[in-house]
Amino acid sequence: MTQTLENAVNLPEEQRFFRRGLSWEKFKAIQASFENVSGVRLFYCEGILEIVTIGKPHEVIKCLIAGLLITYFEVKGIEFFP
């Protein structure tokens with residue numbers, strides 16, 4: 001099934017969760033537990049952990065941009081490694 005950008009507006013948005021006061025060691029332990037979980041990204045800065053779920057709109061736009069870049073590189077004869 002092909003998803004159009006217009007329909008992406010109705011898809012679930014990404015979600016963000018924050019946890020404050022974590023040490024680097026605790027973050028690394030949590031990161032290891034998410035190692036095999038797709039669609040989730042972890043960010044850590046100054047004791048704050050942010051867990052972000054990647055929603056379908058993100059994936060749709062990512063694929064669209066990738067397709068446009070591949071086409072551009074091929075037309076311009078630019079060597080690239082996807």
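Helix α3 covers residues 56–76, and at 1.5 Å a residue its 21 residues should span 30 Å. The expected span is taken as 1.5 Å times one less than the number of residues. The end C-alpha atoms of α3 are 30 Å apart, which agrees. After α3 comes Gly-77, with a positive phi near 70°.

A word on where this comes from. This is a predicted model, in which local features need pLDDT of at least 70 and side-chain atom pairs count only at pLDDT 80 or more, while totals for chains, interfaces and linings use all residues. Residues are numbered from 1 along each chain as its sequence is written, and side-chain values use heavy atoms, with hydrogens and water left out.

Now the overall layout. The chain has 3 helices and 3 strands, in the order α-β-α-β-β-α along the sequence. Helices here are DSSP runs of H or I with at least four residues, strands are runs of E with at least two, and both are numbered from the N terminus. Of the 82 residues in the chain, 18% are buried. Buried means under 20% relative accessible area, exposed means over 50%, and partly exposed is in between, with a 1.4 Å probe and protein chains only. The accessible surface of the chain is about 6,800 Å², and carbon and sulfur atoms account for 59% of that; the areas come from the Shrake-Rupley method with a 1.4 Å probe, and for residues only the protein chains shown count as cover. As for contacts, meaning heavy atoms within 4.5 Å, 51% of those between residues at least 6 apart in sequence join residues at least 24 apart.

Next, the strands. β2 and β3 (residues 48–53) run antiparallel and are joined by 6 bridges; two strands pair if DSSP finds at least two bridges between them. The hairpin of β2 and β3 has 2 residues between the strands, and Glu-46 there takes a positive phi near 50°. Opposite Leu-49 in β3 stands Tyr-44.

What does Tyr-44 form with Trp-24? The two make an aromatic pair that is edge-to-face, 5.3 Å centre to centre with 65° between the planes. Trp-24 is in helix α2 (residues 24–33) and Tyr-44 in strand β2 (residues 40–45), so this pair links distant parts of the chain, 20 residues apart. Tyr-44 also pairs with Phe-27, this time stacked, at 4.9 Å centre to centre and 25° between the planes. Phe-27 lies in α2 and Tyr-44 in β2, so that pair ties together parts 17 residues apart in sequence. For the criteria: rings of Phe, Tyr and Trp (its six-membered ring) pair if their centres lie within 6.5 Å, with planes under 30 degrees apart counted as stacked, over 60 as edge-to-face and the rest as tilted.

Trp-24, Phe-27 and Tyr-44 form one aromatic cluster. Within it, Phe-27 is buried at 4% relative accessible area, while Trp-24 is partly exposed at 45% and Tyr-44 is partly exposed at 23%. The whole structure has 5 aromatic pairs.

Last, charges. How many salt bridges does the structure hold? It holds 1, where a salt bridge is a side-chain nitrogen of Lys or Arg within 4 Å of a carboxyl oxygen of Asp or Glu. The partners are Glu-50 and Arg-16, with the closest N and O atoms 2.4 Å apart. Glu-50 is in β3 and Arg-16 in strand β1 (residues 16–20), 34 residues apart. Glu-50 is buried, at 16% relative accessible area, whereas Arg-16 is partly exposed at 45%.
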